[in-house]
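Here is a friendly walk through one structure. Please have the sequence and the 3D view open as you read.

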Amino acid sequence: MPKHKIIHITAITGNKGFSLVELMIVIAIIAVISAFSIPAILNPENKARKAARELMGDMHYTRTAAIKDNQDYAIVFRVANGDYLICSDSGVDNVWSATADNTVVKTISFTDYGAGIQYGNGTAVNPVGAAFGNGVTYNVDVLTFNPQGTCSAGYVYLFYRDATYAIGTLSTGIIRVFRWVAGGWQ
């Protein structure tokens with residue numbers, strides 16, 4: 001009698017997807033992360049803080065560029081437009097505030113931060129230095145740095161809802177940032 005060979009055929013199966021349990025775990029992790037991050041993103045303080053920090057950074061950049069290039073640089077604050085320009089040359093008219101012929105290095109619009117960032121004192125009732133004015137206390141709304149790194153003194157006030165910041169310079173070139181908290185600048 002012939003011997004029969006028994007052959008076992010096993011199917012090779014691969015994991016070609018996610019199980020329902022794995023999918024639920026991923027969804028739960030995303031929900032937990034969202035619960036912590038979305039309020040931080042929507043917090044009005046974050047928009048105003050980001051705009052203030054970037055303006056401070058742009059002031060540092062402008063000061064450094066003036067020293068490095070051995071020429072005056074300026075930031076022209078255009079309150080009505082809700083933006084500001086970093087300029088390396090005041091043009092043939094030699095007037096920084098008349099920006100048509102300025103050499104513009106960078107344009108920063110507050111709409112880049114989302115709707116709502118504005119020049120002004122918001123909830124702050126006492127200015128850091130001079131009066132609040134239109135939200136910019138620099139003469140003709142222009143901060144100028146010279147090749148020695150010194151500059152015109154003044155402040156820019158930015159706000160979004162209840163968050164208000166004062167970003168400014170001393171004539172020595174020192175750049176300062178303050179936040180309005182509970183009735184005072186910190």
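How many bridges join strand 1 to strand 2? There are 5 bridges between strand 1 and strand 2, and the two run antiparallel. Strands here, like helices, are DSSP runs numbered from the N terminus (H or I for helices, at least four residues; E for strands, at least two), and two strands pair if DSSP finds at least two bridges between them. Before going on, note that this is a predicted model, where local features need pLDDT of at least 70, side-chain atom pairs count only at pLDDT 80 or more, and totals for chains, interfaces and linings use all residues. Residues are numbered from 1 along each chain as its sequence is written, and side-chain values use heavy atoms, with hydrogens and water left out.

Arg78 faces Asp83 of strand 2. The hairpin of strand 1 and strand 2 has 4 residues between the strands, and Gly82 there takes a positive phi near 70°. Strand 2 also pairs with strand 3 (residues 103–109), antiparallel, over 6 bridges; Cys87 has Val104 of strand 3 as its bridge partner.

An open sheet of 5 strands has the order 4-6-7-8-9, with antiparallel pairing. Strand 4 (118–119) and strand 9 (184–185) are at the edges; each has a single partner strand, so one side of each has no neighbour in the sheet. Strand 6 and strand 7 are joined by 7 bridges, and Tyr157 has Ala166 in strand 7 as its bridge partner.

Strand 7 also holds Thr164, which is buried with a relative accessible area of 0%. A polar atom of the Thr164 side chain lies 3.4 Å from the backbone nitrogen of Thr123. Contacts of Thr164 (heavy atoms within 4.5 Å) include Gly120, Leu158, Phe178 and Trp185.

## Nonpolar cores

A nonpolar core is a set of buried Ala, Val, Leu, Ile, Met, Phe, Trp, Tyr and Cys residues joined through side-chain atoms within 4.5 Å. The largest one has 29 residues, and Met59, Phe77 and Val156 touch the most other members. Among the elements that each supply at least two of its residues are helix 2 (44–69), strand 1 (73–78) and strand 6 (154–160). Helix 2 gives the largest share, 7 residues.

Met59 touches Ile75, Tyr138, Leu143 and Ile175, among others. A second, separate core of 7 residues includes Phe132, Tyr157, Ala166 and Trp180.

Conventions: Buried means under 20% relative accessible area, exposed over 50%, partly exposed in between (1.4 Å probe, protein chains only). A polar contact is a pair of N or O atoms within 3.5 Å; within protein, one must be able to donate a hydrogen and the other to accept it, and residues adjacent in sequence count only if both atoms are side-chain atoms. Lists of a residue's contacts leave out its neighbours within four places in sequence.
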